[in-house]
Amino acid sequence: MSERFDTRDAAWPQRPWIMAAICAVAGLFFDLLVDFSTNAAATPLRQAAAAFIAVAAVSFVITVEQRRWLWSLGFALGWGIVVALIGWFTAGYNQHREIFEFPFLSGVFAVLLAAPLFQTVRDEGAWRFPYARLHGHAWTDAVIGAAGLAFVGITFLLAWLIAGLFDLIGIDVVKELLKEEWFGWMLAGFAFGAAVGLLRERDSLVGTLQRLVMVVLSVLAPVLAVALAMFLLSIPFTGLSKLWDSAIPATPLMLVAAAGAVLLVNAVIGNGQDDRAGNRVLRLSALLLLLCVLPLALIAALSLGQRIGQYGWTPERMWGVVAVAVAIAYGAAGWWAAARRRGEFDDPLRPLQTKLAIVLCGVALLLALPIFDFGAISARSQLARFADGRTPADKFDWQAMAFDFGPAGRAELKAMARSGRPDQRRLAAAALAAERRYQVDEEIAVTANASTLDERLRVMPDARALTPDLRRAIAATRYCRTGRCVVTRIDDRRWVLVGAFGKEPLQRVLIERQEDGQWSEVMEWQSVPRPQTLPADLATAAIEVRQVPRRQLFVDGQPVGPAFE
């Protein structure tokens with residue numbers, strides 16, 4: 001008895017071993033290209049090559065059949081090259097050289113959508129998309145992929161158990177192998193390929209598991225349908241303001257709710273009339289869920305529009321607009337299907353879902369290509385808000401300009417560093433020079449503190465003795481950021497600052513002029529107890545530097561350690 005989903009596909013007993021070997025070799029080459037043992041990111045070219053290997057190998061083992069196997073090879077290599085080129089551009093776009101940005105993820109999403117579409121075309125031998133076959137491939141691929149990843153986890157647990165057993169008797173070869181990155185990736189690839197090969201050879205059984213999953217999910221449809229309906233019906237009474245004021249962002253929450261509704265709708269309607277749920281309550285719940293998608297998407301659009309109006313465009317918000325547009329398109333299609341055949345809305349909905357999947361695959365690929373520069377659009381938006389005063393300098397997103405907006409953002413920073421106001425030039429230069437995001441934030445905090453320093457700082461004996469560099473060094477400490485502080489001169493090279501950080505006791509810090517003429521805080525050990533109470537008012541407290549006798553250990557006339565009295 002055949003265990004294949006399509007009886008035209010002959011048995012292929014060697015498939016698990018072939019797929020395991022392909023993925024094991026892919027894992028080895030992947031490790032050679034991307035070294036995860038260091039924190040440094042690989043070069044864009046190496047990351048792109050690793051992306052090619054991963055996408056090509058996984059696409060091939062998931063989609064291949066003996067029948068028209070060259071089609072699967074071409075599909076895998078083609079998408080591997082496309083995603084590698086997208087990854088190469090993405091990794092070289094921003095300052096931190098990371099491939100995992102929205103364009104790359106969009107390209108991967110396009111591959112996930114393209115796989116069942118390709119499998120359907122391959123089976124049909126023509127550009128046709130029977131819904132039952134397309135829907136079956138999509139769910140089967142998802143189940144096999146998830147099961148393959150689970151099998152990888154089980155394999156590693158078993159491997160570590162075996163390593164532990166041998167380690168008990170003094171044989172640590174397996175343990176040492178598992179510590180090697182290359183062996184781990186080879187083992188993961190071998191396990192994943194073997195699992196996919198085994199399950200694909202029994203994909204009719206996987207189809208049974210898929211239908212079981214859909215039955216279980218369909219039971220949740222009434223719960224989510226009632227919850228979403230009650231939520232939407234409550235909004236006219238509560239208003240939308242509570243959504244905007246919530247600590248949980250409204251836009252992603254609405255989109256996740258809409259995606260959950262779409263998932264459960266498909267679990268109920270199945271592949272066709274014979275496969276849809278026979279229970280009337282489940283079908284009504286699916287209809288209600290379908291009608292909820294559009295209002296949820298519109299609320300997400302309002303929320304996102306408000307954020308854009310308040311803070312301008314960023315690449316994340318532009319991708320959010322794309323997601324909202326997809327949700328609105330699906331919601332509108334759902335309302336159209338329900339209006340045509342309310343009782344059997346699923347019949348007109350299925351072909352619409354096929355067309356939406358094809359369009360979405362193309363849109364995801366188009367947006368992943370370096371055609372639309374979301375970073376440049378965002379940089380212009382943020383600069384326009386900065387120029388007209390809607391965004392002050394201390395609230396301007398210098399970090400995003402340097403790290404997230406690509407070459408356009410850094411070009412604007414260079415122009416600002418050359419010709420902006422003094423505070424702008426300093427912040428722009430700091431953002432350009434920063435290797436980590438936190439360095440930009442620290443520079444912004446110091447600049448903001450320096451601009452209001454005179455409101456908190458008391459200088460003794462004379463404020464005129466403070467040079468700009470010394471003022472900046474004082475602003476860089478944490479003791480003049482919120483409360484009163486006092487700085488007094490010790491000699492030409494040293495000043496001492498007294499202040500408190502939050503509710504901590506009063507503390508002092510030395511600020512010295514270095515060899516290059518720059519002033520900076522001196523890290524030192526406190527050699528006397530800190531006072532446990534704060535003076536009533538540092539603005540009027542008596543400040544003095546005294547000579548204090550001390551007792552300290554000396555060896556051959558040289559002090560050792562801090563004073564102990």
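User: At what angle do helix H1 and helix H2 pack, and how are they therefore oriented to each other?

Analyst: In this predicted model, helix H1 covers residues 15-33 and helix H2 covers residues 44-63. Their axes lie 9 Å apart, at an angle of about 170 degrees. Angles over 145 degrees count as roughly antiparallel. H1 and H2 are therefore roughly antiparallel.

User: How many residues of the contact of H1 with H2 are nonpolar, polar and charged?

Analyst: On the H1 side, the contact includes Met19, Ile22, Phe29 and Leu33. The H2 residues that they and others meet include Arg46, Ala50, Ile53 and Phe60. The division of the contact residues is 15 nonpolar, no polar and one charged.

User: Which helix gives the largest share of the nonpolar patch on the surface?

Analyst: The patch includes Leu158, Phe166, Leu168 and Val173, and its residues together have about 890 Å² of accessible area. One of these residues, Leu168, is found in helix H5. Six residues of the patch, the largest share, come from residues 131-168, that is, helix H5.

User: Which residue forms a salt bridge with Asp123, and which helices does the pair link?

Analyst: The structure holds 16 salt bridges. In the one formed by Asp123, the closest N and O atoms are 3.2 Å apart, and a salt bridge requires such atoms within 4 Å. The pair is ten residues apart and links helix H4 (residues 102-124), which holds Asp123, with helix H5. The partner, in helix H5, is Arg133.

Key
Residues are numbered from 1 along each chain as its sequence is written. This is a predicted model: local features need pLDDT of at least 70, side-chain atom pairs count only at pLDDT 80 or more; totals for chains, interfaces and linings use all residues. Side-chain values use heavy atoms; hydrogens and water are left out. Axes are lines fitted to C-alpha atoms, for helices over the stretch in contact, and angles run from 0 to 180 degrees between N-to-C directions. Helices (H or I, at least four residues) and strands (E, at least two) are DSSP runs, numbered from the N terminus. Angles under 35 degrees count as roughly parallel, over 145 as roughly antiparallel, 65 to 115 as roughly perpendicular and the rest as oblique. Contact means heavy atoms within 4.5 Å. Ala, Val, Leu, Ile, Met, Phe, Trp, Tyr, Cys and Pro count as nonpolar, Asp, Glu, Lys and Arg as charged, and the others, Gly among them, as polar. Patches are made of residues with over 30% relative accessible area and no salt bridge: like charges are joined within 9 Å, nonpolar side chains (Val, Leu, Ile, Met, Phe, Trp, Tyr) within 5 Å. Accessible areas come from the Shrake-Rupley method with a 1.4 Å probe; for residues, only the protein chains shown count as cover. A salt bridge is a side-chain nitrogen of Lys or Arg within 4 Å of a carboxyl oxygen of Asp or Glu.
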